[in-house]
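This briefing covers selected features of the structure shown below. Please read the points alongside the sequence and the coordinates.

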Amino acid sequence: MECFHCLQPVPKGVNLSVEYKGSDRPVCCAGCQAVAQTIIQHRLHAYYEHRDPTQLQESPVLPDELNDLALYDHPDLQKDFVRHESDDTEIATLTVENITCGACGWLIERELMRLKGIQKAVVNVTSRRLQVTWSPGELKLSEILRALAGIGYKALPFQPNEAEQQYTRQRKNYIRRLGVAGIATMQVMMVAFGLYFGAVSDLSPDLQRFLWGVSLVFATPVILYSAQPFYAGALRALQASRLNMDIPVSIALLGAYSASVYATITNTGEVYFESISMFTFFLLTGRFLELLAKERALKFATNRLTLLPKLATRETENGSESIAIRQLNVGDIIRVKAGETIPADGSLLSSQAQVDESLLTGESLPRSKKPGDAVIAGSINQHSPIRIEVTATAQQTVLAGIVSMQDSALAVKPKAQQVIDKIAGYFIAALLIIAVITYFCWWWIQPEHALWVTLAVLVATCPCALSLAAPTALTGIIHRLNRDGILLKGADVLESVKELDKVCLDKTGTLTEGKFRLVERDDVIDSETVNDLVSGLESFSEHPLSVPLSQLSESPAQFQNVENEIGLGLQGEFNDRQYRVGSETYIQQWHPEFKALNKHQVIIASRERVLAQFRVEDQLREDALVTINWLKEKGYQPIILSGDSQSRVESLAQELGISEYHGALKPEQKLAFVTEQQDTGNTVWMIGDGINDSPVLAKANLSMTFSQASDLAQTAADVVLLSEPLSQVKTVIESALKTRRIMQQNFVWALVYNVSILPVAAMGMIAPWAAALGMSLSSLLVIGNSLRLYRK
Amino acid sequence: MNPITQSADLITALLMGLAGAGHCLMMCGGIASAMGINTRPHHVWLYNLGRVSSYMLIGALVGGAIGLFAPEGGYTTVVLRWLAVLFLLLLGLYFTGWFAGLVYLEKAARPVWNKIQPLAAKLRNKPNGFAAFLAGTLWGWLPCGMVYSALSWAALSGSAGNGALTMAAFGLGTLPAMIAAGHFSQFLHRFLQAQGVRTAMGILLIIYALWSMLTLIKPFFQ
């Protein structure tokens, strides 16, 4: 509940109100009550009606940057990135700068949900993307962007280039901070060595004071500049009412620094300069490596996200013109040349067309379209030029719908980091309370030691090792897998690998190579003659099934008067005889009693008789069987989920010994299958490669795809396999399990160390330098353990 | 009083002001907007200057009165310190939202304000700097638990000058969002307004209050 006048939260137990327009409004204190009553008594209601709670009383001049935000309300510009769901609902994906940790995510979600007209706001901390759903009647996009700016985040419509530039900026920023911290730490450490030895032998007080001064000079930029990200994280956490590791880190850094400065000036006590510099450097290094890994993965996925062409050819009264696709309107008539990508959804005007919709449907064969049939943006026109009447553009297309579906699926994914943060939250709360108690106790017994012992507690038990435990292991596995040609995009693999029980695989392009070959044939006449005839006729076709058949003979027959019946087959004349090659239905037009053999789908026949039948299949990946067997052996159940026909899926499943398989699935059916499995408590991995797989890739507990896969699939997947073999799945699972073990060891060590050092430090039995050393060694041990991941 | 204790007290007053800065800003901003005295940025400054002047005046009165009339040393200081610590604790509890006892004190002070209120309201829509300053001095007498908590520390200072100084430190603490300009102040304001930040500030005040209590109890055990 907020105070009617000052908009601050009303503390519990306060029961004050003012009467405004006939109803009682809560206020936080007698002061606000008095002010509000005065304002209302003097008939100045206008103030409450017109005030803008996000603006201050002095109406600060908005920076130009914020004024420019209004540009994003322009419908033409919005076309590119805002998806119009219904009259009352719009969705946009935004890239948000400065997101450093989970706290930022909570903060943004909470602040946005306060705006009137927001329906949903979900932040993905790893990809730094915000998906926001709002009612355009109540709220403008610029107001959302302004609200974000109000809490210190710059958000822009998601654009791959923008996301990359952000990473570059942030990387440079980190390099500078790291550089400063690294150089300064080396200097301070050198001085510290002098001091350590001095502590043993005799160091003249003047020299010691001088060395302290030197350390102060070097440590200051580290604390004031390099360590800034930690303070920012701590403040964000406070703002979001959470505790994170940045809070004790900041207290320890600033506390130890202030105390050391005080010690240097007054020439009493001890200094901690070397430990705080080292500490900052270690923590920054960890975050920097994490950033690099994320950047590389993201770059790879977004680089080729441009699926649609930039330009379209639109018919005009006197010919045609080339225009940007965002300028296309519903009802426009466009032309698409053979081999070009169709830029917008539409209905076909030409008499016939063959389009490759594999990006969207996963269907490996081109589809025939009749006039009036729907064609989909992102599919490729195979044969002759076609004309299309536009029915949907940009964000309204089916393709955009799939992207949006995938974003939503990404958003509801369990966030591993939140669990870790929660445990850390309790640890940190306990740590802070213990620090306060330690201070009080020591102050009571020996006031002169209280501050130093408390700082020793904070430094020695600083959850430094704890905070490094996960990131270093994660960085380790990311690097190791990268070397093997596997890109990891998040930590989810580590969380889900433990419970993994079902592995769903797409068929075409995943279990198979996506290339067709002849697997079986049944000849009625001698096969050499058949080969000549088949390759001669099939060379006129551009159907993928025809590729292996057209290469059967070195001396193909020379056909004449070849006719292509879309969706059925080819007919041609050779030596004054007519031949047909094509589907069962096509041949039955000549030979009504003919029945094709099991799974033989290409038949050649003359007018008189059927000559041969062929079975053409997609080629199985070489290592598919080995991989499937390995999965079964380890107790993971493989399941095939494919958009291809049930019979073809069945034969493949039998070949691989997979007992559960589902064919003829639409993207939403795949999604529903995985969701159902998850609802019944299964942890499901999905391996796929098509755009049609992208929603299910995003929804699965973990997902893998190939670098040849569609860009969308790559964006949705957690793991991208750069090198071909499917057996990399094994590498991923084994590495993830190993990383999990190492991470657990790190956690256990960090906790055991922190918990056991706590009483010792609290009793004041640890010298300052020992506390710092202990903390650093503990961290080094964690890093060293994680380094084992780099080894094969 | 020794200088370290005194500067610690000033910092306490500053912290108290800082913890309430978000509240002060909207509160006074509201008054300034509604009363039409925010036409120029520097009027807002003058308004706030007026407000802090009033705090200093009250601080001087309280500090001076204690210095003049209360018996030197002995129990006076102890009682005042306990009072100050109690107020600090109450303020901390108020900010964390755990206990709102301070509000009763504010209610008790309403009659004083009712006398001043008509005067303050008269200064509406006067577009000159002096009027803005004057309005600030009058609105500075609003019943406010934070001011009373800070006053208990001014009372401790033992003289009119130090009392004024304590209240100046408190007033300074209430200003940060004003000092920062434009966009940044909007960000700062949102930050100070967040319940998490208020809770953290409150806990800090409570810890400080508990520690102060220990300092008061300790002599009896030695």
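Predicted model: local features only at pLDDT ≥ 70, side-chain atom pairs only at ≥ 80, totals over all residues.

In which sense, left-handed or right-handed, does α4(B) pass α8(B)? The crossing of α4(B) over α8(B) is left-handed.

**Helix pair in chain B**

- Helix α4 of chain B covers residues 75–96, and helix α8 of chain B covers residues 145–156.
- The axes of these two helices come within 9 Å and cross at roughly 155°.
- Angles over 145 degrees count as roughly antiparallel, and α4(B) and α8(B) are therefore roughly antiparallel to each other.
- On the α4(B) side, the residues that meet α8(B) are B:L80, B:R81, B:L83, B:A84, B:F87, B:L88, B:L90, B:L91 and B:Y94.
- Their counterparts in α8(B) are B:G145, B:M146, B:Y148, B:S149, B:S152, B:W153, B:A155 and B:L156.

**Chain A overall**

- Chain A contains 28 helices and 29 strands.
- Of its 792 residues, 46% count as buried.
- Among contacts in chain A with a separation of 6 or more, 65% are between residues 24 or more positions apart.

**Annotated transmembrane regions in chain A**

- An unreviewed UniProt entry places the feature "transmembrane region" at residues 178–198, 210–227, 247–265, 271–289, 423–445, 451–474 and 747–766 of chain A.
- In the model, residues 210–227 of chain A are 94% helix and 0% strand, with end C-alpha atoms 25 Å apart.
- Residues 247–265 of chain A are 100% helix and 0% strand, and their end C-alpha atoms lie 27 Å apart.

**Helix pair in chain A**

- Helix α8 (residues 205–226) and helix α10 (residues 246–266) of chain A pack at an angle of about 155°, and their axes are 11 Å apart.
- The two helices α8(A) and α10(A) are therefore roughly antiparallel to each other.
- The crossing in which α8(A) passes α10(A) is left-handed.
- In this contact, α8(A) contributes A:W212, A:G213, A:L216, A:A219 and A:I223, while α10(A) contributes A:L253, A:Y257, A:V261 and A:T264.

**Six-stranded sheet in chain A**

- Six strands of chain A form an open sheet with antiparallel pairing, in the order β19-β24-β23-β22-β21-β20.
- Strands β19 (512–523) and β20 (560–565) of chain A stand at the edges with a single partner strand each, so one side of each has no neighbour in the sheet.
- On average, neighbouring strands of this sheet are turned by 15° against each other, direction ignored.
- The antiparallel strands β19(A) and β24(A), the latter spanning residues 610–620, are joined by eight bridges.
- Within this pairing, A:R521 has A:F614 of β24(A) as its bridge partner.

- Strand β27 (residues 683–687) of chain A runs parallel to β28(A) and is joined to it by three bridges; A:W685 has A:L702 as its bridge partner in β28(A).
- Strand β29 (residues 719–721) of chain A also pairs with β28(A) in the parallel sense over three bridges; the bridge partner of A:M704 in β29(A) is A:V719.

Key:
Residues numbered from 1 in each chain as written. Chains lettered and ligands numbered in written order. Pairing = 2+ DSSP bridges. Helix = DSSP H or I, 4+ residues; strand = E, 2+ residues; numbered from the N terminus. Axes fitted to C-alpha atoms, helices over the stretch in contact; angles between N-to-C directions. UniProt positions renumbered as here; feature names shortened; annotations may be inferred. Buried ≥ 20, exposed ≤ 12 C-beta atoms within 10 Å, placed from the backbone. Contact = placed C-beta atoms within 7 Å. Parallel < 35°, antiparallel > 145°, perpendicular 65-115°, else oblique. Left-handed = near helix turned anticlockwise from the far one by under 90°.
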